[in-house]
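Reader: I would like to go through the terms used for this chain one at a time, with the cut-off behind each. Could you start once the structure is in view?

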Amino acid sequence: QVQLVESGGGLVQPGGSLRLSCVVSGSAFSFYAMAWYRRAPGKERELVARISPSDGSTFYANSVKGRFTISRNNAKNTVSLQMNSLKPEDTAVYYCNILGRASWGQGTQVTVSS
């Protein structure tokens, strides 16, 4: 059915920036509420940000509010996460997904370290 492929992760210094992208297959992308999640080793998966189907309302976890921005391009079936002022505690595997979907892709590794 639907496949999601994350990209853009890498190694960045504290205080740096990184932009993650996700390409979603299928013709129904514009109807999906989309979200970014992350999971650090030994921790549960955490909702980072979500965005409504029509680029409307957004939500951010308190830990990233003011630093991260979620956006989407319905014409290209993509959702992005702009991450600024990165901290070591942001280190995790980041996943995009349809809000509420139970299956997961590979994710993309973000490492914040000096």
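Author: Helices (H or I, at least four residues) and strands (E, at least two) are DSSP runs, numbered from the N terminus. By that rule N97 falls in strand 9, which covers residues 92–98. This is a predicted model, in which local features need pLDDT of at least 70 and side-chain atom pairs count only at pLDDT 80 or more, whereas totals for chains, interfaces and linings use all residues. Residues are numbered from 1 along each chain as its sequence is written, and side-chain values use heavy atoms, with hydrogens and water left out.

Reader: What is the secondary structure of the whole chain under that rule?

Author: The chain comes to 0 helices and 10 strands, and its pattern along the sequence reads β-β-β-β-β-β-β-β-β-β.

Reader: Why does N97 count as buried?

Author: Buried means under 20% relative accessible area, exposed over 50%, and partly exposed in between (1.4 Å probe, protein chains only). N97 has 0% relative accessibility, and therefore counts as buried. Of the 114 residues of the chain, 40% count as buried.

Reader: What makes the pair of N97 and R101 a polar contact?

Author: The term requires a pair of N or O atoms within 3.5 Å; within protein, one must be able to donate a hydrogen and the other to accept it, and residues adjacent in sequence count only if both atoms are side-chain atoms. The side chains of N97 and R101 make such a contact at 3.1 Å.

Reader: Which residues does N97 touch, not counting those up to four places away in sequence?

Author: With contact meaning heavy atoms within 4.5 Å, N97 touches L4, A33, M34, A35, Y37, S103 and W104. For the chain, 52% of the contacts with a separation of 6 or more are between residues 24 or more positions apart.
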